[in-house]
Every structure is written in C-alpha cells, then in structure tokens.
Amino acid sequence: MDWRSDYRMTIGGELVSADETIEIVNPATGAAFATAPRASRGDLDRAVAAAVAAQKLWRRTPIDERRARLRAAAERLRGHSAEAGRLFTLEQGRPLPLAEYEITGAAAWLEAVAAMDLPVEVTEDSAARRIEVHHEPLGVVCAIVPWNFPVALAVWKIAPALLAGNTMVLKPSPFTPLCMLKIAELLREVLPPGVLNVISGGDELGPWMTAHEGFAKISFTGSTATGKRVMEAAAKDLKRVTLELGGNDAAIVLADVDVDKVAARIFQGAFFNSAQLCVATKRLYVHEAVYDRLRDALVALATEARVGDGLEPGVAFGPIQNRPQYERVLALIEDARASGLTVLQGSAPQGQGYFVPLTIVDDPPETARVVTEEAFGPVLPMMRFTALDEVIRRANDSEYGLAGAVWSGDVAKAVEVAHALETGTVWINENLHLPPHTPFGGHKQSGFGVENGQSGLLEFTRAKSIYISKPKPARAG
Ligand code: NAD
C-alpha cells in the first residue's frame, strides 16, 4: 500500500475513484500536493447500499468477534503510524511526532473501546415477569468530521458505532481527507466489506449525506453553525443525532497558583495544535494578583516556541490548516490591533504557508471580537479579574458550553467553581485530557448528546425492553 499517492474511496470493500477530484493543499507551503476523489451522488448511494447490506450480517456477528476486528484494526494502524503520520503532517500541518501520536492514540482508542460492553439491564425479575433492556444497533451511521483532528475524531465514531453493531459511511473534511482514505484502505484487511465506507468530496457532500434516507443516525463533529443545519436535515425523518460543536472555553486562574508550575501547562492548553482544538483555552481569566507574572511567562513561551513546517525537526507548532481559517485568524488579530488592544506575539515564518505567530492579547474588554468569537487559531485573549463571582459570570456569558479549566492551589474551591461553570467538561489543574471511558459533550450550543464512555456508546444504540411474563405457578390441590 502506497501512502504517498493514489487516494481512493473505500465503498463496499472496493477502492473507488471518482470522475472529479478535489485538490489537497499542504498548509505549510500553500501548494496542492495531491488530489482526492469528489464523490458523486451515485457514489454516496453505493456507499449507503453497501453499508446497509453489510449491517445485516455485522449486527449478528458476536460482539467478541467485532471486538477482535477493532483490535486488529488498532494493530494495523499502529503498524503504519510512520507512513500515516507523515501524510497527516502533509495535509493537516501538525508537527510529525504529534501527528504520529494521533495515529497511535487512535489505535489505543480502538482497543479501549473494544474492551467496552453493552450489558443487558434487568429492570425487574419478579415472580410475575422478567424485564430485560437490550441495546440494539441503529443501522447505518453517517459520520462527518472536521479537519483539526481528522483521524482521532473519526475513530471516536468508528470504534463505538462498529462495536455496537452499526455500519458506517464516513466523510472527512474536504481539507483533510487523505489520511482517512488510506486508513479505510488499510482496514479492508480486517473489516468485512461495507462495514466502514469512507468517501471524500466537496462542500455538497455533507448536505447530501444528512438528507440521505439510508442513514439511521448522524454523528457530527464541526462548527455550531453547521451543526444546526445537520439537526435541521435530520429532523425530516427523525434521524438520531449526536453533535460535537464549537466552544469558546474559559480557563480561570485563581490568585493562589504557583505561576512557575502552571504557566507551561496553561500555554499548551491554549496553543496545542496551533489552538485548532475545540477544547483549547480560548479565554484566559487571571486573578489580578498573578496576572502580570503569568502574562510575562506566557509571552516568553510564545516567543521561544518554534512555529513552522511540521516536517522540520524541532518545530512545535504547525500552520493553520487551511486558507479560509488562516484569513479568519489574521482578521481577528487585525481587529484587535485596529481596536487599540495590546497584541503580544512570537514569530512565524513568512511565505506561502499559513503560519500565524502565537499571539496573546493583553486584557481586552469582554466585547472585543477576540473574546466573543471562537478563534480556532493561536490568538489568546487574557483578561484580569478581581472577584470570583464576577469571573464566573463572565466565563458563563457565552452561547457555548464545551469545556473549561480552573487553576488553583485550593482544590475544594476549584471544585466549587467547576460546578458553577456551564460546560460539559471542567478540568482542575490540568487540561485537554479526554480519555475513552469518560463521556464528552457540550452544554448549550456546543453540542447535543455525548461521545465516549458508556453513554457515548449507547448513543449508537436504541433501547429495546423485552417483557417476559412468567407462568403462574399451578395451584396446589
Ligand atoms: P465545519 O462545521 O465547517 O465542518 C465540519 C464538517 O462538516 C466537514 O466535514 C464539512 O465538510 C462538513 N459540512 C459542512 N457543511 C455541512 C452541511 N451543511 N451538512 C453536513 N456537513 C457539512 O467545521 P470545521 O471548520 O471543519 O471545524 C471547526 C469547528 O469544529 C470548530 O467550531 C470546532 O470547535 C469544532 N469542533 C468541535 C469538536 C467537538 O468535539 N466538540 C471537535 C473538533 C472541532
């Protein structure tokens, strides 16, 4: 298998080209380096038909066999992490070691989910009856993922959906389809034809998919604006939906932190993956007692950090993944400058690549665009606060509710703040940690439903309650 060329879709176990293609750009150079198939409606129909046909057998395949296939998939992925990692860096931009880590992390995720179970719940076992609640697969899942974590976020859907007995048609982002096309090609060695179909296409493909009547469920990760369109399309025939959407996550740093200890971790929480991370710290609230020290420490880290082409050794932060996002992030920085705000920056290469220096905006007002909008790029607004209730109100003053973080030497107080934050996840003295066994989902307009953990697995099933009446014992005499 050649990871460097010949990108084709996997439909019903076959490798399929399309009449038309889309160009894939390396964000570190701004130049196209490959093409991916642009699926037609016919390709989509064939993928759904293959998934429908495969599901009949797959749902009856014993769960231990499905587990074994997921573990074999993990092994294949791990065995190809070097080739997959390189391709990941070329299309996504992330530095090579971290790109490879996404592949090995996805393998570990498949294994962790393979160890999960779909227990039958017994809600009554009386003399009169036994009631069993079973969890059946839904059917064919439509999976749509974005470009920031193109493999991990796909595997978050593939592993539980397949374990539960569903089959899938997955669509990567038009900006980053190549790795998932190749991974689907690779997994043909371990998955029966039609169980996992991966198709690539242009902007038209997502709406075609969400309108397609062959799907029982849509599992979507992307922006809140698109998530609303997905939910609207799903309403037509009441497809089940799980939506993992945008965020504008606040981290709150209390006065009692040890700045030297926490600065590097707060920095990573804000800038990891060049801040193209749904749960990145996107608003940093710092108590006035430690504000200046923490700001200076973060600016020093931003100045030292090397931004560049992810294939170059020593680069810690890659480019913005695509041109529209690059322009959006530059516009936010420009807006901050034009509004007279203090913009503190490291450096980044000049040229055709979509590089943005790591940027901190010093104490902007709450109304600044850089505070109210999800940047999804390396621009961190950092704000002073004095009183805890005031900062909790400011943190919650958002339509989003994805995640948040609290940094404090007083864990009990931090837990109180965690309970007051209107988000689906809160980290205390850490961030970005998302293990497979814990539900993850957004409050408010950051999502609908959850992924991961037992609750996430159950979202790929429907409950069926079976009532088994017990014969009345024959009367004596
Ligand atoms: P996006 O919404 O533009 O695109 C996401 C996916 O949806 C892509 O595959 C795209 O082709 C597809 N799509 C676009 N329009 C569609 C439509 N009308 N119907 C169906 N599909 C459609 O998002 P993006 O720019 O790729 O990703 C960035 C956003 O994703 C950010 O807001 C980020 O916070 C969010 N995100 C959320 C999570 C999470 O788990 N909550 C994780 C990663 C990213």
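Predicted model: local features only at pLDDT ≥ 70, side-chain atom pairs only at ≥ 80, totals over all residues.
A polar contact here is a pair of N or O atoms within 3.5 Å.

Now turn to glutamate 374, where a side-chain N or O atom is 2.6 Å from a ligand oxygen. Leucine 245 takes part in another way, with a polar backbone atom placed 2.8 Å from a nitrogen atom of the ligand. How much of the ligand does the protein cover? On its own, the ligand has 850 Å² of accessible area, and the protein covers 88% of that.

Next, step back to the site as a whole. The ligand takes up the space of the largest pocket. Several elements give two or more residues to the shell around it, namely α7 (205-211), β10 (217-221) and α8 (224-235).

Who are the neighbours? In total, 29 residues surround the ligand, and the closest are Lys171, Ser223, Thr226, Leu245 and Glu374. Sorted by class, the shell holds 15 nonpolar, 10 polar and four charged residues. Both domains contribute to this shell: domain 1 (9-245 + 446-465) and domain 2 (250-428) each supply at least three residues.

Definitions and conventions: Residues numbered from 1 in each chain as written. Heavy atoms only, no water. Near = heavy atom within 4 Å. Polar contact = N/O pair within 3.5 Å; in protein donor to acceptor, adjacent residues only side chain to side chain. Areas by Shrake-Rupley, 256 points an atom, 1.4 Å probe, with all protein chains shown as cover. 1 Å grid on protein atoms, 1.4 Å probe; cavity = no way out; pocket = protein on both sides within 12 Å on 5 of 7 lines; lining within 4 Å. Sits in = over half its atoms within 2 Å of the grid points. Helix = DSSP H or I, 4+ residues; strand = E, 2+ residues; numbered from the N terminus. Nonpolar A, V, L, I, M, F, W, Y, C, P; charged D, E, K, R; others polar. Domains from an automatic or database assignment.
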